[in-house]
Amino acid sequence: MNIYFICTGNTCRSPMAAAILMNKDIPNVEVRSAGIYAQTGSIMSINAQHVLNQQNIKHNHSSELFNEQDAQWADLILTMTAAHKELVLHLVNNIEHKTFTLNEYVAQDVLDIQDPYGGNVTVYEQTFEQLNEAIEKLETKIRLGEHQ
């Protein structure tokens, strides 16, 4: 199963989500992340790195711009906000069946993951908690085979 996480700049939310899921070590799951407005080659934000390090989550990230080739590669496209989802669906045709906000896909009440960009470590920790909770539910769905 190929999972593609999408956010704005691919320096905070989507690389954190990708790192969390990759550290779950789920067989046959590949993960990529990108940003709608990413500058290819940027590093993950320092505070995002700090929070992942605090949680002992391995990460190695260089930002990527959202692209159609990776969208076609993906079995599941998970965006951080409803606005990201709308834009992804506008940019690439015929992917509605596999594109959701992360929270929508795992049946969370709130659709959007908060954007920590520019915030202090506490804000990044809050975003991490939102992502971690959603990805734990995602992991359960994948392991139970409920992702089809």
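A crossing of two helices is left-handed if the near helix is turned anticlockwise from the far one by less than a right angle, and right-handed if clockwise. Helices (H or I, at least four residues) and strands (E, at least two) are DSSP runs, numbered from the N terminus. The model is predicted, with local features needing pLDDT of at least 70 and side-chain atom pairs counting only at pLDDT 80 or more, while totals for chains, interfaces and linings use all residues. Residues are numbered from 1 along each chain as its sequence is written, and side-chain values use heavy atoms, with hydrogens and water left out.

**View 1. Helix α2 against helix α6.** The crossing of α2 and α6 is right-handed. On the α2 side look for Asn47, Ala48, His50, Val51, Leu52 and Gln54, which meet Val121, Tyr124, Glu125 and Phe128 of α6; contact means heavy atoms within 4.5 Å. Sorted by class, these residues are 6 nonpolar, 3 polar and 1 charged (Ala, Val, Leu, Ile, Met, Phe, Trp, Tyr, Cys and Pro count as nonpolar, Asp, Glu, Lys and Arg as charged, and the others, Gly among them, as polar).

**View 2. Helix α1 alongside helix α2.** Helix α1 covers residues 13-22 and helix α2 residues 46-54; their axes come within 10 Å and cross at roughly 20 degrees. That makes the two roughly parallel, and the crossing is right-handed. Met16, Ala19 and Ile20 reach over from α1, and Ala48, Val51 and Leu52 come from α2. This contact has 6 nonpolar residues, with no polar and no charged ones.

**View 3. Helix α1 on helix α6.** Here the angle is about 45 degrees and the axes lie 10 Å apart, so α1 and α6 are oblique to each other. This crossing, too, is right-handed. From α1 come Arg13, Met16, Ala17, Ile20 and Leu21, while α6 brings Tyr124, Thr127, Phe128, Leu131, Asn132, Ile135 and Leu138. The tally is 9 nonpolar, 2 polar and 1 charged.

**View 4. How helix α1 is covered.** Of the 10 residues in α1, 9 are buried (buried means under 20% relative accessible area, exposed over 50%, partly exposed in between, with a 1.4 Å probe and protein chains only). Among them are Arg13, Ser14 and Pro15. The cover includes β1, β2 (30-35), α2, α4 (82-91) and α6.

**View 5. The largest nonpolar core.** A nonpolar core is a set of buried Ala, Val, Leu, Ile, Met, Phe, Trp, Tyr and Cys residues joined through side-chain atoms within 4.5 Å. The largest has 33 residues, and Ile3, Phe5, Leu21, Leu102 and Leu138 touch the most other members. Elements giving two or more residues are β1 (2-7), α1, α2, β3 (76-79), α5 (102-105) and α6 (121-143), with α6 giving the most, 7 residues. Zoom in on Leu21: leaving out residues up to four places away in sequence, Leu21 touches Ile3, Phe5, Ile26, Val29, Val31, Ile135 and Leu138. A second, separate core has 12 residues, including Ile6, Ala34, Ile36 and Ala74.

**View 6. Thr79 and its neighbours.** Thr79 belongs to strand β3 and is buried, at 0% relative accessibility. Not counting residues up to four places away in sequence, Thr79 touches Ile6, His84, Lys85, Val88, Phe100, Thr101 and Leu102.

**View 7. Glu139 meets Lys24.** Glu139 lies in helix α6 and is buried, with a relative accessible area of 16%. Lys24 is 115 residues away along the chain, and the two C-alpha atoms are separated by 7.7 Å. Setting aside residues up to four places away in sequence, Glu139 touches Lys24 and Ile26.

**View 8. Two asparagines with positive phi.** Asn28 sits in the loop between α1 and β2, and its phi is positive, about 60 degrees, although it is not a glycine. Asn28 is exposed, with a relative accessible area of 67%. Asn56, in the loop between α2 and α3 (68-73), has a positive phi near 55 degrees. Asn56 is exposed as well, with a relative accessible area of 69%.

Conventions. Axes are lines fitted to C-alpha atoms, for helices over the stretch in contact, and angles run from 0 to 180 degrees between N-to-C directions. Angles under 35 degrees count as roughly parallel, over 145 as roughly antiparallel, 65 to 115 as roughly perpendicular and the rest as oblique.
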